[in-house]
Amino acid sequence: MIENSSAVCEIWGLILANLRYVSSSNVSFDLLSFDAAKLQKANFHKVAWGTETVKKQFGTTINRFTKQPQTFSVTFKFKGDPAKRKEQIDKLIFQTEKDIADMNPGRLYWNDQYISVYLIEHSTYPEDSGMNYTITEGKFYAPFPFWIEEKTIIIKPSEESSSEYPENVKAFPEWRDWVYPYDYAYPYARNIIYFDADSALPSDFRAAAYGPVLNYVNFFIDGHEYKVNYELRDGQVMFIDTRDFIPISERCYVLNENGTKTNVFDYRSPDSTLFEKIPAGNAQMNYSRAFRLDLTIFQERSAPI
Amino acid sequence: MIIIDSELHELGEIETDVDVEIGSADSTNDFELTNATMQDIHPGGFYIPGTEIGGLIDYTKDRADQDYTVLRGYTWRGLLAMRTLMPPAGSNYLVVSGDANAIISTIIGNDFDGIFTVSSEVSGLTITSYQMPLYINMLDGIEGMLEKYGYRLKISATKVESNEPIQILIEAVEATLIAGTFNEDNGIPMSFEINNMGYNHIICAGQGELQNRMIRHLYIDENGDVSTTQYYTGLEERQYFYDYASAQSEDDLIDNGRKKLLEIASHKTLSMQAPKDYTLQIGDLIRGSFPDGTVIVSPIVKKIFKIDDGIEKTEYKIKGE
C-alpha cells in the first residue's frame, strides 16, 4: 500500500500520472487542479488478494486466489473563495450521487487506466489551519477491483487496407521470431495479426464486426475460434463481449441500422465458446479480413502504473 | 452455464451460484440458481453443455430488498419422475421388449412436447418381456429396467445447430463399474456401516379377510438373497408384518414384499466422497471392499452439483447409503 502525501501526489501528477474522475454522466474532474477537485491524499495502490484454502496438519493448501471489492480512501482539498468552493463540492457530490442513483459507476483514471467506482462515503469540513480551504474526505468503492487499460485494434478489410495499417498493433515480420519486438508496420492483406495482452491475467475483450459479412462472423485468437452463424447486412455491427458483468442480452448482439439490438447468442456455432478470454502475453488473431473487425482488449492490473 | 428460453433456445451465458440435485425418483431432482444480472431477459431454464446439469424454471422469487432473483425448477430427470407408467388398455401390466433405446423411445413418446430426443442408435441391450411395476413413475421404471441388466440412463444436453433448440439426448448406456479405485489406500474418504438391526423375515398380507387373507412369507439370507426358504431362526429371526391389502395379485404382493424386505433388512452400506477431478454418472456402479472383506457393488443414485462463489463441487450418494 502506498499512502500518498500531497506532494507526492503532485509529483505523480506532474511526472507520472494524469488523474481524473469521470462520472457516469461523462462529467470530468481533474484531480490535480484546484479548479476542479484537487486530490490531496489517496491510496490508489492499495492491493489485497484473498485466499481460499484447505486446512492441513501443517499449513494450508490454496485452492484459489480471490479478490474482494476494493475501497480507496481519498481526501480532496478545495481552495478559493467560499462560493467557488461550495460550487465545486456541490458539483462533485451531485455527480457521484447521480452515479449511485443510476447504479452506473464513474471512473477513476490514472493516465489511460481506469477503475469503475462509486463514492460511497464523504464528509466535508473546513481545514483546521484556516478558512481558505475546505476538506472533503471520502471513500471510493470499486466493485471490480482491477484497473483496466483498453487497447483497441482496428483491422480493416484487406481490400481497403492495402496502404493502411491497423492501429496499436505491434507486429513482426513473419520470418522472424515474433517474440522479439520489432518495430515493423503491419503488412497489408495478411490474415494473422500479432498483439500483446499486457497483463499477468487473461484479458476480457470486446469485438465489433462490421457488416456486410456473408454467412457467419468468425475469428481465431490463439487458436480459439469465435464463430456466430449470423449474416450481417451493411450497416449492422455484431458485438461479442466477454466481460461477465455485461447484461446477458448484450454479450453477443447485433446493433441494427435503426439502433435496435438483437441478441444473437443462439446463433453461436455449437463448437464455439464465445466468451473465452485472451491469454496473457503475446497473442495472435487470425481471420479472413473480409470485414472490418475492432478488437478492444481490457488489460487488467491490480494497481495502476 | 447457459440460460435458455422456454423453447430451449440459448439466451446467453452467465456465471452464477447454482445448487442441483439429480438422481433416482427419491431425489428432489430440482435446482436453484441465484443471479443478479438477468433482468434483461426472460429465462426459461439453463444447462451446462455436454452434461445432465440443467432444467426448466418453474419458480421465480424477487425481493425488493435484494438485488438478485431466485429461480427454481426441475431437472430433466425430474420431469421424467413426474409421469406415471400405466398399463396399456386391456392389460394388467406394462410389459416391454426390444432394444433398450427403442423401449425408452416408446415409453417417452411425445409426452414432453418433444423436448427429449431418445437416441436412435442401437443400445446393445435387448430386453425380453420386462414387466414394469404397477403405476411406477417413468424415471424409476426406466432406471429399474436398465439397472437389472447393468445399464444406466444417460441424459446430456448439447447445442447441435445454430439458432435451433438445444438437444436433450436420452439413451441407455452400459453402467461403468468403478472397481478398485475407491478405497482408503487411494486417499478417497470412504465410510463403512454394518447394521445388523434389520429384519430377516417378512410376513406379507394381501387381499382377503381373516383366515382367508392371502399371507406369504419371505426370508433373506446372509448373501442378501430373498426366497421362501427360512435362513435365520431362533434368536436371530426378526419378523416384520407387511400390510398390503391393495395388492392386485400374488405376484404383486410378493414383488412389493421382496422390495420391502430389502429396505428393512440388516445391511452393510458404503459411502464415499469422490475426488474433485472424478466425474461419475447416475447409475455407474461403485465397488468397495469392507475391512472385513465384504465387497459391495452399488449404483450411484444421487448427485448433488453446486457452484458456490465460482467453485464447483459434486457429491455422490450410493444406493443404500
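The side chains of Arg268(A) and Glu10(B) form a salt bridge, with 2.7 Å from N to O; the term requires a side-chain nitrogen of Lys or Arg within 4 Å of a carboxyl oxygen of Asp or Glu. This is a predicted model, in which local features need pLDDT of at least 70, side-chain atom pairs count only at pLDDT 80 or more, and totals for chains, interfaces and linings use all residues. Residues are numbered from 1 along each chain as its sequence is written, chains are lettered from A and ligands numbered from 1 in the order in which they are written, and side-chain values use heavy atoms, with hydrogens and water left out.

**The interface of chain A and chain B**

- Across this interface the rule finds two salt bridges.
- On the side of chain A that touches chain B, there are seven charged residues (Asp, Glu, Lys and Arg), six nonpolar ones (Ala, Val, Leu, Ile, Met, Phe, Trp, Tyr, Cys and Pro) and five polar ones (the others, Gly among them).
- In terms of contact (heavy atoms within 4.5 Å), 18 residues of chain A touch 26 residues of chain B.
- The size of an interface is often given as the accessible area lost when the parts come together.
- Here the buried area (the accessible area, with a 1.4 Å probe, that two parts lose on being put together, summed over both) is about 1700 Å², and carbon and sulfur atoms give 49% of it.
- Within chain A, the residues that lose the most area to chain B are Ile248(A), Phe265(A) and Asp266(A), together 39% of what that side buries.

**Chain A as a whole**

- Chain A contains two helices and 19 strands; these are DSSP runs, numbered from the N terminus, with helices (H or I) of at least four residues and strands (E) of at least two.
- Of the 305 residues in chain A, 44% are buried, that is, under 20% relative accessible area with a 1.4 Å probe, protein chains only.

- Asn200(B) is located in the loop between strand 14 (190-195) and strand 15 (201-205) of chain B.
- Asn200(B) is buried, because its relative accessible area is 8%.
- Glu237(B) is 37 residues from Asn200(B) in sequence, while their C-alpha atoms are 6.4 Å apart in space.
- The side chain of Asn200(B) reaches the backbone oxygen of Glu236(B) at 2.7 Å.
- A polar atom of the Asn200(B) side chain also lies 2.9 Å from the backbone nitrogen of Arg238(B).

Conventions: Buried means under 20% relative accessible area, exposed over 50%, partly exposed in between (1.4 Å probe, protein chains only). A polar contact is a pair of N or O atoms within 3.5 Å; within protein, one must be able to donate a hydrogen and the other to accept it, and residues adjacent in sequence count only if both atoms are side-chain atoms.
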